[in-house]
Amino acid sequence: MGLRLSLFFAFIIRGIVLADTSIEWLESQSMLRQAKILSEEFSGEKEQWKRPYALPQSSSAIDEAQNWFTSYPASIITDEEESVLQYLGKRDFWKILQMLGLQGMHLGPMQIAGGLDQQTRNPSQDGGFDRISYHLSPEYGSYTEYLRMVEMGREHQGIIIGDLIPAHSGLGADFRLALAAYKEYPGIYHMVEIHPRDWKYLPPVEKGLSKNLNAKEVRLLKNKGYIVGELETTIFFHPDCKVSNWDVTKKIRGVDGISRRWVYLHYFKSSQPSYNWLDPSFGAQRIVAGDALFALFGLKNRILRLDANAFLGVETVKGTKKAWSEAHPLAMDATNTISMMIRKFGGYSFQELNVGPRSLSAFHRRGADLSYDFFTRPAYVNALIHSNCDLLKICYQLIQKHQVDSSRLIHAMQNHDELNYELKYLRESEHTTFLYHGESLSGAKLRKKIQEEDLQLCGARPFYNSVSGEGICSTMIGICAAALQVGNIYAMSLEEKERVKKAHLLIAFFNAMQPGIFAISGWDLVGALPLRKKEYISLSEKDHDERWRLRGAIDLLHCSDKKISSGGIPQAETLYSPLHLQLKDPFSFATKLQEILLARKTAQLAKAKSLGVLPTKNPSLLVLLHELPVTNALQITACNFSEKAAQETITIDAIEQTSAINLITRKAEKKSFRDQDFTLHLDPLEGKAILFSKGPETGDPTEKM
């Protein structure tokens, strides 16, 4: 490591000090300045030319870790004298992850986030996704503790997976310098200075830094040529706090003595000003490049997530009322650039890209190595609600049509966001006709029907869940309970708890027993219930963010009696015991998951090839067909999304002269050796993974693997 980089890491270890708010101090704290230091270390160095980078390398990324634990640091309850990083670096914790079969730990954002206001650092307004520095946030622990956690992971054949946030920052030093019209800093952001003669069209800012513009004000500024106008969607829309994607600032005195009022873009919250990826200063690119270098070499991350990378380009389109702002070609080019640079320096990336399969296929050509599966999450919930897999089958039909490689998808359970019901694949195919529950509907009508029904049945009607825009705010336990029409999740009978657990296990099985990456959250591992409204109201009252309902604090190892996390989040009630106790119980969720992941590893399912969905007569059944990396081996993943037992005979020419074995139990299934037919027997809410392998009529075909 070079001298300059060593000095930079020493600076990182010291952390941010709020002692002065001079321009010089702000510049020293800015990410653009930190990026410059990092680029000086790596520019012209041989490190850049050791690896291929033009094409995605999903297979190599899977080799790093095929099963992930996803953590949300703010929700982790630790011991009294223990930091979050110390907790996540415990030997006992990594031993349990290894026992479960989880090799990767994806951490939510852990860098300093929020904003700077004079000599005060304001806390994050979006769970760490409003980053203002490369420094680790002291609320989680120290840089030294982070590296100890990385080393503990290595000892247990595990890796750390980090985050990049390429679409926006928080209200930190970079944004404050932009508002002061200092050097090239305004070019980092999608912001524009409003001429004083037009201030009369701007609303006053009674308190705080800025005020959200209404639709009329946005249209007026568009007509005057200042901004591109309304966007395709207004994320986090709420009549009391956000009605557009644009904010106007109060009068701010610049370094040149001139007072200015700025209008700036934010796709998410007003505390997250959007980057301008085509400003000639290329400030946004430099910040994100520096962030990637620090994540790879400073934090020793092996894989990086690209957060919300669909929103990296915006422009007006003639003849349309709203600006083109989702999956713009610039977003694709920017994603390609970031992904290639990460590969060039020895890492891998995955994207949180909620688009339809046609768009995803285009992003896959040169971009991130892996992509989050936004297709099947609402579809399997839909199947559970209605005991009907039509929407899931439509998903796979479109995935196959647009040649999306399923092995490049990350099949995740709960995360920190709402369960997104935008159904982009139906919006992308709005004029295509689909068969759903015996009715032929266009993609547009089907999308509207599903949203209206599912958001009501699973999101709005149960008092323990919430709806946010086009998504359900709840834990996976809350969603399963609502789908099964459990009335009061906080007072479930033993029979109701068992039903919910079976549904939860079925969803884990479905996500794990297909090609690609499997990811599971800490909330899932302990069966966290959604928080009651009164428990998270203080976190959501300012901006009406209902996602706090699903982010309850959890103690995975039961190491503390605290009822609140260091991030200030109340503890969630849980359906399951702490992990070390679950692993002593052969019928627990964690033990059953352990069996599923062992079968997944044995069959090498992560790198399997998807051959599509097999037809079934029973609408509650989904049967996926895979070709395993093992020679001559076919495998089916069958799921019964009904609370009634099901039976189905499937016919596959290629399974003639094969044996059948259950990958979970490793026991032979009844099948005639010289027969193309196989009859599935599935209990209520049961999943089965069946391997068909040429060989002897008796014995265990998995011994070949």
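Colleague: Quick one to start: is S274 buried or exposed?

Modeller: In this predicted model, S274 has a relative accessible area of 2%, and because buried means under 20%, S274 counts as buried.

Colleague: Where does S274 lie, and what does S274 touch?

Modeller: S274 lies in the loop between β12, residues 259-265, and α10, residues 283-298. Not counting residues up to four places away in sequence, S274 touches A167, H168, I188, Y189, H190, L265, H266 and Y267.

Colleague: And K250, where is the place of that one, and how accessible is K250?

Modeller: K250 is found in the loop between β10 (246-249) and β11 (252-253), and with 39% relative accessibility K250 counts as partly exposed. Setting aside residues up to four places away in sequence, K250 touches V205, G208, L209, R260 and R261. K250 and W262 are 12 residues apart in sequence, and their C-alpha atoms are 7.8 Å apart in space.

Colleague: Back to α10 for a moment. At what angle do α10 and α11 pack?

Modeller: The angle between α10 and α11 (residues 329-344) is about 30°, and their axes are 10 Å apart; angles under 35 degrees count as roughly parallel, so α10 and α11 are roughly parallel to each other. The crossing of α10 and α11 is right-handed. On the α10 side the contact is made by V288, A289, A292, L293 and L296, and on the α11 side by I338, M341 and I342.

Colleague: Changing topic: which strands close into the barrel, and in what order?

Modeller: Eight strands close into a barrel with parallel pairing, and the order is β1-β2-β7-β13-β14-β15-β16-β22. From one strand to the next, the twist averages 30°.

Colleague: How do β14 and β15 pair?

Modeller: Strand β14, residues 348-351, and strand β15, residues 370-372, pair in the parallel sense over two bridges, and Q351 stands opposite S371 in β15. Helix α12 (residues 357-364) packs on the sheet, where α12 touches β14, β15 and β16 (409-412), and the direction of α12 makes about 165° with that of β14.

Definitions and conventions
Residues numbered from 1 in each chain as written. Predicted model: local features only at pLDDT ≥ 70, side-chain atom pairs only at ≥ 80, totals over all residues. Heavy atoms only, no water. Helix = DSSP H or I, 4+ residues; strand = E, 2+ residues; numbered from the N terminus. Buried < 20%, exposed > 50% of the residue type's maximum accessible area, 1.4 Å probe, protein only. Contact = heavy atoms within 4.5 Å. Pairing = 2+ DSSP bridges. Axes fitted to C-alpha atoms, helices over the stretch in contact; angles between N-to-C directions. Parallel < 35°, antiparallel > 145°, perpendicular 65-115°, else oblique. Left-handed = near helix turned anticlockwise from the far one by under 90°.
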